[in-house]
Amino acid sequence: MKDTVQMEIGGRTLSIETGRLAKQAQGACLVTFGETVVLCTVVVSKREADRDFLPLFVEYREKTYAAGRIPGGFFKREGRPTEKEILSSRIIDRTLRPMFEKSCRYEIQVMTEVVSSDQENDSDVIALVGASCAVNLTDMPFPGPLSAVRVGLVEGEYIINPTVEQLENSRMDVVIAGTDDSIVMVEGEANEISEQEFLEGLRTAHETIRQLNALQRELLGRNSQAKRELPNKDINPEIVEAVTGKSLARVKEVVRIGEKEEREAALDTLMTEMTEAFAEQFPEQEGAVKTVVHKLEKQEMRRMILEEGRRTDGRSLTDVRPISSEVSVLPRTHGSAVFTRGQTQALVVCTLGTSTDEQKIEELLGQSWKSFMLHYNFPPYSVGEVRPLRGPGRREIGHGALAERALTAVVPSTEKFPYTIRIVSDVLESNGSSSMASVCGGTLALMDAGVPIKSPVAGIAMGLIQEDDGVAVLSDILGVEDHLGDMDFKVAGTKDGITAIQMDIKIKGLDYEVLTNALEQARQGRLHILGKMAETMTDSRTEISQHAPRIIVIQINPDRIRDVIGPGGKVIRKICEDTGASVDVEDDGTVKVACVDAEMANRAVDIIRSLTEDPEIGRIYRGKVKRIVNFGAFVEILPGRDGLVHISELEHHRVARVEDVLSDGEIVLVKVIGVDEEGKIRLSRKAVLEETPA
């Protein structure tokens, strides 16, 4: 039976409806905001999966019919997910996953489908609200509703779920998800906002999140079903006691090994010894034995941090690993850098292209062109593994998008720097925070390429260990601290403020006091990293690489574009062939000429100017005699533009025959003395003789 609840957000109505659509799904709802509509469904398997992790599958998909369009290309149906769809799926997954019970092993599929788009209200945050509601409508235990909103900052005012138009003038674009008590996920970008501005945005967003949670509870109170009981996954106490007694001392030694490879090798050896030692006593319990050892590792690492203030590699809570960097490491690239922090290393390369290299983006919210891109690659050798390459996965796309957001705020506009910029970060080693290493390396590669960035950007990943009343915030976390800790909080920015932020929480929420401390600790760490980067490079190079194209931008009269293009593109092709330059002509008369050879680029510009400029009265031109007639000679002073030198304007004395002075094909200096209303040009040779006597 249909049931609906609704509330107002920013003058627009948000409604959640259930009981009408997709009734064979175990949980389904329709979320509407403005005229943007998302169908959210959840199905839970009847039997447990034979896995040691939560098999949660989250999909966010946009139907092109939602915006009244038919898909482009040869196949007229939706295909592989776009980058926007992948990033939105990740946001929903990262919010929901830590909220499920640790013992849950049922397959859960969450699908959110955008079925209507008003091109004004983005659908990702309402999809997350719908996903939460749909999960709570099933019989799967879930700790109550959670909600998400997008927050913008326009002219000092915080706006909840800003429209697409409002976001264009916003200093921040951050998605925030939370329960009534705490924040559970943060993702977004900003234009150098302060930590205080960011926290105030979080508090403002949290007020609306609580209202949305209350709205969900109202609907769930009338429609939710009894929850299934999850099986007890506790390990036999005898196994726990026996394995703990035999391995705890060794675990304490392993946890204190600083080098990643050495620690992992020692842990593998310990695992093998323990499984062999208890093979007879606890047959077919190898998995349980390994689980106990892993739990001991986690407990000891967390205890050491909380009680001793010491981390696995010997650092204090606020120490950043040793940093080194270098630039111009590759001879033929436009800009390159290697950034190393501890055992995390990224090779980052910047390539400069022309407007023809821009990426065309087709989304429900419209079509656009992208002139700045950052692509992140995580090859298996970076963590010493063997696995086939299958193209970029969700993680790689997500990390690349985060690093791209971090640098977007400082990259110059195409009006100031008319290049398409692509950065590629290849992670060579990874032991925590490779996305933030990509940010640091990306900054150095941009400066090495001569891109006039506004300010250098650095990034740092923060961690959290929280047990009862004990709380420790960690700067520059290791991979093991990410794996065994409670938070992965990445903050990137300049010396003046935050440009990108991403937070993943493994515990059920985070309070503002801890978040405030983490942001301040991240700021101090960011300033330290910026100082280390400045030892390698402080400003962008004044000249771009000799291997990068030189781009010259000129403006011509739009009415003269046809003169540059020529019939069937004949003229512009000839320019490109003769100079080796690429020429891009826009409808407003903007012409971009790009060529690696600066001399050839200038030559192409001269040709274009000569094709499009109008004769200037009083200016002297070097022209070619095209045709002689009884009353004078026609001289071409510009490509395709000639004027008449009347016989009376040839010499200071009377000339009987034009042929006595000029001949066909002769090069002659002439001065423009007039242009009539019809565009006919009058030239004088006599005037030039007066100004430039032999």
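C133 sits in helix α2 (residues 124-137); helices (H or I, at least four residues) and strands (E, at least two) are DSSP runs, numbered from the N terminus. This is a predicted model, in which local features need pLDDT of at least 70 and side-chain atom pairs count only at pLDDT 80 or more, while totals for chains, interfaces and linings use all residues. Residues are numbered from 1 along each chain as its sequence is written, and side-chain values use heavy atoms, leaving out hydrogens and water.

**Whole chain**

- The chain has 15 helices and 29 strands.
- Its radius of gyration is 33 Å, well over the 26 Å that the globule rule gives for 694 residues, so the chain is more spread out than a compact globule. The radius is taken over C-alpha atoms, and the rule is 2.2 Å times the number of residues to the power 0.38.
- Along the principal axes, the C-alpha atoms fill a box of roughly 125 × 60 × 45 Å.
- Of the 694 residues, 53% count as buried; buried means under 20% relative accessible area, exposed over 50%, and partly exposed in between (1.4 Å probe, protein chains only).
- Among contacts (heavy atoms within 4.5 Å) between residues at least 6 apart in sequence, 69% join residues at least 24 apart.

**Nonpolar cores**

- A nonpolar core is a set of buried Ala, Val, Leu, Ile, Met, Phe, Trp, Tyr and Cys residues joined through side-chain atoms within 4.5 Å.
- The largest core has 130 residues, of which I16, L96, I108, F198, I421 and F489 touch the most other members. Helix α2 gives the largest share of this core, 10 residues.
- Apart from it lies another core, of 28 residues, including M271, A288, A461 and L478.
- Not counting residues up to four places away in sequence, I421 touches C350, T351, L352, S371, F372, M373, V411, L446 and V451.

**Helix α6**

- Helix α6 (residues 260-277) has 18 residues, which at 1.5 Å a residue should span 26 Å; its end C-alpha atoms are 26 Å apart, in agreement. The expected span is 1.5 Å times one less than the number of residues.
- K260, R263, L267, L270, M271, M274 and T275 are buried in α6. Seen down the helix axis, the buried residues of α6 fall within an arc of 125°, so they line one face; the arc is that of the directions from the axis to the C-beta atoms.
- The cover over these buried residues includes α5 (237-255), α7 (286-308) and α10 (479-484).

- C133 is buried, at a relative accessible area of 0%. Leaving aside neighbours within four places in sequence, C133 contacts I16, C29, Q216, L219 and L220.
- C133 and I556 are 423 residues apart in sequence and 57 Å apart in space, C-alpha to C-alpha.
- E300, in helix α7, is buried with a relative accessible area of 4%. With neighbours within four places set aside, E300 contacts V251, K252 and V255.

- S328 is not a glycine, yet has a positive phi of about 55°. S328 lies in the loop between β11 (323-327) and β12 (335-341) and counts as partly exposed at 42% relative accessibility.
- D476, also a residue other than glycine, has a positive phi near 55°. D476 lies in the loop between β19 (470-475) and α10 and counts as buried at 0% relative accessibility.
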